[in-house]
Amino acid sequence: MPKISAVIITFNEERNIARCLDSLQGVADEVLVVDSYSTDNTKQIALQKGARFIEHGFDGHIEQKNWALSQAKFPHVLSLDADEALSPKLKESILEVKSNWQFDAYSMNRLTNYCGHWIRHSGWYPDTKARLWDSRKGKWGGDNPHDKFELFETNKPIGFLQGDLLHYSYYSRSEHINRTIHYGKIGAEALKKRKAKGLLIKQLINPPWKFFKIFVLNLGFLDGSDGLFIARQAFHETWLKYHLALKK
């Protein structure tokens, strides 16, 4: 039976980290928190909950998560963000996998709580994520801040776990607006870093397409005013990253 290292990266997550760590009880054989020098009570809470706590400078979401993987005691890794937690059903599924590991990686559905409401459309659900894997078989990739786990052998099948990964995203719409601006800036830096082409055309086409996809194709209108606001912020983030990337 493989042992599992649960790995979480943090920065000022005192309102979320306890819930995340509590959900890992009975599932993880090691809980590792890699923190980028929080100024709140994240460290104290993590240590009180029995986590191994390491501080490391933040160079980007992908870079930080890959560095955190290298610090895990066990190669089989369950990766969570601090604002996520395992549902009871998902915990059961992970325990079943521990006794019968068959795939290099396993994915699960993520259900997001937005300002106190569970969002079941808008492209936010099922929002399937690969979060349990053999770290010798892949690494974090994608574009900051939207990282994703990628297997080295891209044609290998990925298993699927029943149960939801519960994501407690934004506590207020103003928080969402601030994060939109932050992510837009990070996205622009990622575009500049890889010297992306055709940015002006993409700035004209991609933001309205993003809104239409979320609100219409992904049935965001069924999420009511939350769905409309989510689509608007997606439009803004997409537009902003191209706008900033085009600036000298």
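1. Cys-20 has a relative accessible area of 0% and is therefore buried, where buried means under 20%, exposed over 50% and partly exposed in between, with a 1.4 Å probe and protein chains only. Cys-115, at 22% relative accessibility, counts as partly exposed. The count of disulfides is zero, a disulfide being a pair of cysteine sulfur atoms within 2.5 Å.

2. This is a predicted model, in which local features need pLDDT of at least 70 and side-chain atom pairs count only at pLDDT 80 or more, while totals for chains, interfaces and linings use all residues. Residues are numbered from 1 along each chain as its sequence is written, and side-chain values use heavy atoms, with hydrogens and water left out.

3. There are 19 salt bridges, each defined as a side-chain nitrogen of Lys or Arg within 4 Å of a carboxyl oxygen of Asp or Glu. In one of them Lys-156 pairs with Asp-104, the closest N and O atoms being 2.8 Å apart. Lys-156 lies in the loop between strand 10 (146–151) and strand 11 (159–168) and Asp-104 in the loop between helix 4 (88–98) and strand 6 (105–114), so the pair ties together parts that are 52 residues apart in sequence; helices (H or I, at least four residues) and strands (E, at least two) are DSSP runs, numbered from the N terminus. Lys-156 is partly exposed at 31% relative accessibility, whereas Asp-104 is buried at 13%.

4. A network of salt bridges links Lys-65, Asp-81, Glu-84, Arg-110, Asp-127, Lys-129, Arg-131 and Asp-147.
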